[in-house]
Amino acid sequence: MKFGKEFAAQMVQEWQAAYMDYNHLKGVLKDILRFKPQNRQHPMAATANGLKRRVSLYRAFSGLTTRYKSGFPAKTHEDEVILVGGVEEAGEKGQYYTMFLRAGEEGGEYELVFFRTLDDEFNKVVEFYRKKVEEVMAEADVLSKQMNALIALRIKVDNPVVGGDFVANLANDCAPSNSVSVHSIHGGKPGLSQMEVIQEVEMSSEGFSEEEMKGGSDIGDPESKKPDIDGFRPASLEILDHVKINVESESPVSTLKGVLKNSSRSDLSFSRQELKKAEELMTQAFSEFYQKLRLLKSYCFLNQLAFSKIMKKYDKITSRNASRAYLNMVDNSYLGSSNEVTKLMEKVEVTFVKHFANGNHRRGMDILRPKARRERHSITFFYGFFSGYSVALMVAIIVLIHARNILKNPGRNQYMENIFPLYSLYGYIVLHLLMYSGNVFFWKRYRINYPFIFGFKQGTELGYREVLLLTAGLAVLALAGAISNLDMDMDPRTQKFKTLTELVPLGLLSIVFLITFCPFNIIYRSSRFFLIRCALHCLLAPFYKVTLPDFFLADQLTSQVQAFRSLEFYVCYYGWGDFRRRSNRCRESHIFQVFYIIVAIIPYWFRFVQCLRRLFEEKDKMHGINGLKYLSTIIAVALRTIYDLNKGKTWLIAAAVSSGIATIGSTYWDIVIDWGLLRRNSRNPWLRDKLVVPNRSVYFVAIVLNVLLRLAWMQTVLGITEAPFLHRTALTAVVAALEIIRRGIWNFFRLENEHLNNVGKYRAFKSVPLPFYYDDNDSKNT
């Protein structure tokens, strides 16, 4: 792989604008290569036999043992190409510049442009890196204060024994400290023996570097190796007088308490449960902080490597030797000489292993450095196998229908009214999963950081292969059930088992629910629980803080209205016992008709309430406008459903008007707000300034498809209930499938816009709530 592609693949996508623009500099080098004089090459000498060699090969040999200053050959004034390393002071920050000494040569203006561009890129990288280092150092101070409070809370809760005295009593006589003491002990169990404490103090040297352990002590003195129990200094408990805690998990109860008390922070109760939750929050904070340090270190290394590569390309193209001087300046700059990040990583590792992994280095590093998901060939094999199997089952169903002339069978209408709605539920789910797998594939292809946007834990996100495996597996189950049901109905030998055949869809639904809620660590448990948690947040939308995964899932549910109605039909068909006679009177029931409207409104109600919650928290009027959009959709869906059930000219006019208003508003919001397109004055006319997909026509096609598929409601308003060779229920399924396809297209561009917003704000990390809040009035004293 060429370095340019590797450089783009390894960069933090949200920081891509802060990296060196390697491709642009390569373009400048191509201009130099195109216009540089042909006589710029090294002088050549011809031998008697016509062989040409460089003149430098005939220069007197200087010897292998010749010593040069600083390890480089001495340069003459004629060899100098650039002067580098100068810094123009601008406050505390400096701007690096390069003076090109050969600008007067033919084609030198292109090289001058190259070095000016190179300096601009280098100054940009150094400034960004310095800014990020300052941010992580400030965040490290905050974590240090949090650790002081956590250690004091551990002492207060556990009350361990050191040297025959309780640490809590010793701590009351100590002055508070602003840094994390290396000798701070783990929270142990009550009644900890003195010997166990001594062993812990002996391990405290792990917190020091090798130089710190050597300095100030005589290694040969055996007394120096003994732990200083008398000098043990625990964290001060006075810190607890100046902090409040917020470790209560978000729930409807905690939300109501926060609204009533106008604050979610409470005083410490010094309970063991409170300590456990505080440790969990600190573990998350340290993990996220360490990940930030790793990416910052990678940013530094990749940019240094990029400057090295581009300078070597320059030397090769121009036959000059300018890379040494410039790379020496890079090494001496803040980017090359700063080691704050490396030292901070070491301190975080030592602190985390000591305080959160009980001294187990492997366990601690597994938490700090979660392993990425490995691509397994077995997944590819099985999703290919199940995909082929599902295609074979579909062919078998088509063959059975034609061979037995089922379409002209007198029981066709009965089957479509009773059995088809049961199996169409799985068709909706399979199609949605298929669209999502396509989304994941293209998100990954165009480097959209979907795991970060959704908040997946590193290493647990599903790739498109895993989603395809689930899709194909569910398709096989549904198609096998459908073909077995169809075969049992048509086989004279199984006609007496009518009740059993009707239970096949219900059994399949039970299997799906059992797998979804299975507590065992099988079939992607972390992803299943993540989905369940988001669904719970949607169900109780007003009482949970709305995050992107929550409202993204709610948007998916708005495209699964027919799936919800299929679930309602399951309740009616099996709950009222209609499956025993394969006939239903659901549509004749007033209760069913009422719930037929309610079920269709529920997904939009989730989004409406989420918009109200965000309006209440963020005070952004756009959320209010978005809520009105969903309210108009709720009205339109209700009126369309009433017209579908009752007919009538009045209901037709009301359904058409409300659907038109809702469609116009939703289409505008999709394209302009959610996708960020139709910007008239952007660099890409009528699109937006930044595009992930290189082919701009893709966006215009997506806009047209979104508008056309939004008009699927016309099927209901125009009274189109059947089509040639399509039953009414089949036509309804086709319209529902079109809406799912539209949602799949919407998903890609919605997340693309979110990703570009993160890129514009350099937002590459999620914020983790901290357990302790220092009192502002006493923060200086603590």
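Does Y314 count as buried or exposed, and at what relative accessibility? At 0% relative accessibility, Y314 counts as buried. Buried means under 20% relative accessible area, exposed means over 50%, and partly exposed lies in between (1.4 Å probe, protein chains only). The model is predicted: local features need pLDDT of at least 70, side-chain atom pairs count only at pLDDT 80 or more, and totals for chains, interfaces and linings use all residues. Residues are numbered from 1 along each chain as its sequence is written, and side-chain values use heavy atoms, with hydrogens and water left out.

Y314 belongs to the largest nonpolar core, which has 82 residues. A nonpolar core is a set of buried Ala, Val, Leu, Ile, Met, Phe, Trp, Tyr and Cys residues joined through side-chain atoms within 4.5 Å. F114, M311 and Y314 have the most contacts inside this core. Helix 3 (residues 108-158) gives the most to it, with 20 residues. Helices (H or I, at least four residues) and strands (E, at least two) are DSSP runs, numbered from the N terminus. A second, separate core of 37 residues includes I397, L486, L509 and F592.

F114 is buried too, because its relative accessibility is 0%. Contact means heavy atoms within 4.5 Å. Neighbours within four places in sequence aside, F114 is in contact with L25, V28, L29, I32, I310, M311 and Y314.

Aromatic rings were examined next. Rings of Phe, Tyr and Trp (its six-membered ring) pair if their centres lie within 6.5 Å; planes under 30 degrees apart count as stacked, over 60 as edge-to-face and the rest as tilted. The count comes to 47 aromatic pairs. F114 and Y314 are stacked, because their ring centres are 5.2 Å apart and their planes are at 0°. This pair links distant parts of the chain: F114 is in helix 3 and Y314 in helix 8 (residues 272-318), 200 residues apart.

Y570 and Y574 also form a stacked pair, with 5.9 Å from centre to centre and 25° between the planes. They are separated by about one helical turn, because they lie 4 residues apart in helix 22 (residues 561-575). Y570 counts as buried at 5% relative accessibility. Y574 counts as buried at 11%.

Helix 22 also packs against another helix. Its axis and that of helix 23 (residues 590-618) come within 9 Å and cross at roughly 145°. Axes are lines fitted to C-alpha atoms, for helices over the stretch in contact, and angles run from 0 to 180 degrees between N-to-C directions. On the helix 22 side, V561, F564, R565, E568, F569 and C572 take part. They meet F592, F595, Y596, V599, A600, P603 and Y604 in helix 23.

One aromatic cluster includes F128, Y129, Y334 and Y762. The charged end of R130 sits over the ring of Y334, 4.9 Å from its centre. A charge sits over a ring if NZ of Lys or CZ of Arg is within 6 Å of the ring centre and within 35 degrees of the ring normal. The charged end of R154 sits over the ring of F356, 5.6 Å from its centre.

Most residues other than glycine have a negative phi. Y762 has a positive phi of about 50° although it is not a glycine. Y762 lies in the loop between helix 28 (728-760) and strand 8 (772-774), and is partly exposed at 31% relative accessible area.
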